[in-house]
Amino acid sequence: MPEDIKKETIDNETAENKAEEIEIEGADEESTQTAEETKDAKDTDVNETESDDDALADAEAKADEKSDEKKGLFKKKKKDKKDEQIEELNDRLKRQMAEFENFRKRSEKEKSQMFDMGAKTIVEKILPVIDNFERGLAAVPDDKKDDPFITGMDKVYKQMLTELDAAGVKPIECVGQEFDPDFHNAVMQVENDELESGTVAQELQKGYMYKDSVVRHSMVSVVQ
């Protein structure tokens with residue numbers, strides 16, 4: 001074989017080998033780049049996964065903090081023994097104050113009733129004295145009404161009536177009024193053309209009231 005042809009053949013083979021080496025190197029570089037990209041992707045996925053895990057962990061931590069805060073609020077809202085004792089004492093104090101106020105009002109009412117009962121008893125004992133004054137002054141002759149003694153007795157009588165009136169003792173009006181068993185005591189019946197039947201015609205003994213209660217009924221005669 002001529003040397004030129006042989007040299008050209010060797011050069012071609014060398015060139016082909018170099019091309020194959022270049023292709024192999026390119027393939028290796030592409031494979032390496034692909035591997036690196038795959039690794040980077042995996043690293044990215046791992047980082048993203050780790051980031052998601054961190055975010056989830058942060059969310060759980062925040063949720064736990066909120067839960068702890070709520071528990072703390074519930075604990076704060078829950079009354080301790082001291083607060084319960086204070087409320088119990090306050091409630092007991094209010095109840096005792098209300099009971100004392102009711103007792104005070106009841107005591108004042110009972111005291112007033114007892115005072116009225118005592119006053120009525122005294123008035124009942126004084127009324128016969130008033131009756132005797134009235135009978136005695138009514139029996140005085142006209143020519144002796146200006147006598148100093150009679151005048152003095154009349155003044156004493158009027159003073160007693162004034163004091164009784166100031167204390168709440170008042171006479172019961174009866175003549176000409178319709179008969180009322182709550183205020184009048186009928187002891188006889190009479191005929192009277194000027195008055196209607198059932199009307200009080202005459203007062204035989206004066207009746208008195210102390211405030212709103214009757215001390216003594218009026219003794220009266222009633223028209224038939």
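Predicted model: local features only at pLDDT ≥ 70, side-chain atom pairs only at ≥ 80, totals over all residues.
Okay, let's start with Lys211, which sits at 47% relative accessibility and so counts as partly exposed. Where is Lys211 in the chain? You'll find Lys211 in the loop between β4 and β5. And its backbone is worth a glance too: the phi of Lys211 is near 60°, a positive value, and this residue isn't a glycine.

Right, let's step back to the whole chain. How many helices and strands are there? We've got 3 helices and 6 strands. If you walk along from the N terminus, the order goes α-α-α-β-β-β-β-β-β. So much for the order; now some totals. The chain has 224 residues, and 14% of them are buried. The accessible surface comes to about 18400 Å², and carbon and sulfur atoms hold 51% of that. As for contacts, take the ones with a separation of 6 or more: 63% of those link residues 24 or more positions apart.

Now the helices. Have a look at α2, residues 81-138, and α3, residues 148-166. Their axes come within 10 Å and cross at roughly 145°, and the crossing of α2 past α3 is left-handed. Who meets whom there? On the α2 side you have Ile126, Val129, Ile130, Phe133, Glu134 and Leu137. Facing them from α3 are residues including Ile150, Met153, Asp154, Tyr157 and Leu164. Sorted by class, this contact has 12 nonpolar residues, 2 charged ones and no polar ones.

Zooming in on one pair, β1 and β4 (residues 208-210) run antiparallel and are joined by 3 bridges. One example is Val169, whose bridge partner in β4 is Tyr210.

There's another sheet to show you. This open sheet also has 3 strands, ordered β2-β6-β3, and the pairing is mixed. The edge strands are β2 (184-190) and β3 (200-205), each pairing on one side only, and the twist from one strand to the next averages 30°.

Where does the mix come from? Let's take each side of β6 in turn. With β2, strand β6 (residues 218-223) runs parallel, over 6 bridges. With β3, β6 pairs in the antiparallel sense, over 4 bridges. You can see both sides at Val220 in β6: Ala186 stands opposite Val220, and Glu203 has Val220 as its bridge partner. Further along, Val190 stands opposite Val223 in β6.

One last thing on that strand: is β6 mostly covered or mostly open? Mostly covered, with 5 of its 6 residues buried.

Terms used. Residues numbered from 1 in each chain as written. Heavy atoms only, no water. Helix = DSSP H or I, 4+ residues; strand = E, 2+ residues; numbered from the N terminus. Buried < 20%, exposed > 50% of the residue type's maximum accessible area, 1.4 Å probe, protein only. Contact = heavy atoms within 4.5 Å. Areas by Shrake-Rupley, 256 points an atom, 1.4 Å probe, with all protein chains shown as cover. Axes fitted to C-alpha atoms, helices over the stretch in contact; angles between N-to-C directions. Left-handed = near helix turned anticlockwise from the far one by under 90°. Nonpolar A, V, L, I, M, F, W, Y, C, P; charged D, E, K, R; others polar. Pairing = 2+ DSSP bridges.
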